Amino acid sequence: MGIYVNPGNQAFNRICGSNYVDKSGLIGLFNRRIGGDECLVCISRPRRFGKSYAAKMLTAYYDCSCDSHFLFDDKTIAKDATYEEYINKYDVINLDITGFISECKRELGSLETVPSKIVQAVKDEILLLDPDAPNDRSLEECMIHCVEQHGGRQFIFIIDEWDAMIRETSNNPDAQEAYLNLLRGWFKNNNFTPKAVAAAYMTGILPIKKDGTQSAISEFDEYSMLAPLEYAKYVGFTETEVVECCDGREVSLEDIKEWYDGYGFPNVGALYNPYSVMKAIKSGKCGSYWRKTSAANPLKDYIKMDFDGLQEKIIRLIADEEIAVDVDSFQNDFESFGNADDVITLLIHLGYLTYAEENKSVRIPNEEVRTEFKQLLSQKCMNKGWIRLIERSENLINAVVSGECDTVASILEEIRDEQYAPQFYNNEQALRAIIKYAFVSLYDQYTKIEEMPSGKGIADVVFIPSPLSKLPAMVVELKWNKTSGGALEQIHDRNYIASLKNYEDNIVLVGINYDEKTGKHSCQIETM
């Protein structure tokens, strides 16, 4: 067994020795592509979402230098009709591109030499596998010779962190091109691929870099955080898997759901950040584990790029809005940003945002990621306009608590006219949006619940203070072309405060109305 060619199954064996969640159904999907026209697959997902686990699992399954039945006989794949047909039947080339990059950096060499290092490392091990292969020929020719010598047994490529070179060479287009040419040489070569390659599985954070509007290696079928399709259930943990993980543990499903859910896709349902779920289960408490890794480091740098009103959109996201985004122009790299949507699309791939393909919109997925966004509001990376919004929001809260109705109405109008300005401010939903936006400074002191069932109806917005907050609970009722007094009456008539018994000595009721004829907001406040 080698390091890169047929490395064996020890790596996956170590994973199975811990609290492994069975994701071997992925193998069955990939088996159906082997040897066909769609045998090249690139699956991208954020850091700490199990990419390397999947690569090690596939390597252990296909590697012909070992017997991996003891690892898979009790897994989901064992029930698949293709299980015995493909297990341990191929020579596997397993590459983690970050290892070659680290080697070049240790040697203080140029990253342009990474492709040649990859070729030489693989070729050296091919020659050990097939000593009769012509040493003076190219790697591709040596691999074809090896296939012929071993009765037609082909290679399966499994490439982890495939996009590390794209990320690390953002200012070196020559290095990027040299690396992409290496991949093209393997997978766009009609004289090599059909003869030597049974299939290829690449995984990384980003989809394949674009060459103009098309993929630079168009032969690959790509599955990303924008549209993982049949691979969606392997992006993270499903709710069924999380329920099993939580069984008998100190953390509850409800807490896990609030902190780590949010990446759901059609036909799959809720999906959870796997790294953080396991950390929470092990420690016995939920918290922001993912943001303590390198996965969360770049956010501030991207938000500083206030392209095309990007920071306004970030504030809206923090205020729990869903915003529309065009994901098509993103070039799948870390430097070719042309507008705010390109940066937002990158944040989807990085796991900071979740994308709803049906309405082409994004939102912050869960509390863990929200905590990272919240940190931005107190940092200098935000422009002066949005710092002013935070100040106005804080003034608004103070006015609500002090019962200053006219001040509340005045601040709402300032925020709408100068900073929010929705394109269509023409119904109660638009009013609800500006309320979320205007109350954004409450991000760390309240839990906000929209359309909260309570009493004899559903309250528009309820703010429940955190245990450490000294602020009151707030019930906000909204009206359009009616009266703020009528909003307060509805709170009482329908007993919206019924679910706030724990705060009955410290509740503020807020009625807000917008009159289209006058273009003015009005407000009435009652303290209980």
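Colleague: In which hand does α16 cross α18, left-handed or right-handed?

Modeller: The model is a predicted one. Helix α16 covers residues 310-318 and helix α18 covers residues 367-376. The crossing in which α16 passes α18 is left-handed.

Colleague: Why are β2 and β7 edge strands of the open sheet, and what is its average twist from one strand to the next?

Modeller: The sheet consists of five strands with parallel pairing, in the order β2-β3-β4-β1-β7. Because β2 (91-96) and β7 (221-223) each have a single partner strand, one side of each lacks a neighbour in the sheet. From one strand to the next, the twist averages 15 degrees.

Colleague: Within that sheet, which residue of β4 is the bridge partner of C42?

Modeller: Strand β1 (residues 40-44) pairs with strand β4 (residues 197-204) in the parallel sense, and five bridges link them. For C42, the bridge partner in β4 is M202.

Colleague: Which strands does helix α7 touch, and what angle does its direction make with that of β2?

Modeller: Helix α6 (residues 97-106) packs on the sheet, touching β2 and β3, and its direction makes about 50 degrees with that of β2. Helix α7 (residues 114-129) also packs on the sheet and touches β2 and β3. The direction of α7 makes an angle with that of β2 of about 155 degrees.

Colleague: How many of the 11 residues of α21 are buried?

Modeller: A residue counts as buried when its relative accessible area is under 20%. In α21 (residues 428-438) the buried residues include R432, K436 and Y437. The helix is largely enclosed by the rest of the structure, because the number of its residues that are buried is nine.

Colleague: Which residue in the turn between β16 and β17 has a positive phi?

Modeller: Strands β16 (residues 507-515) and β17 (residues 520-527) run antiparallel and are joined by eight bridges, with L509 opposite E526. They form a hairpin with four residues between them. The turn residue with a positive phi, of about 70 degrees, is G519.

Definitions and conventions
Residues numbered from 1 in each chain as written. Predicted model: local features only at pLDDT ≥ 70, side-chain atom pairs only at ≥ 80, totals over all residues. Heavy atoms only, no water. Pairing = 2+ DSSP bridges. Helix = DSSP H or I, 4+ residues; strand = E, 2+ residues; numbered from the N terminus. Buried < 20%, exposed > 50% of the residue type's maximum accessible area, 1.4 Å probe, protein only. Axes fitted to C-alpha atoms, helices over the stretch in contact; angles between N-to-C directions. Left-handed = near helix turned anticlockwise from the far one by under 90°. Contact = heavy atoms within 4.5 Å.
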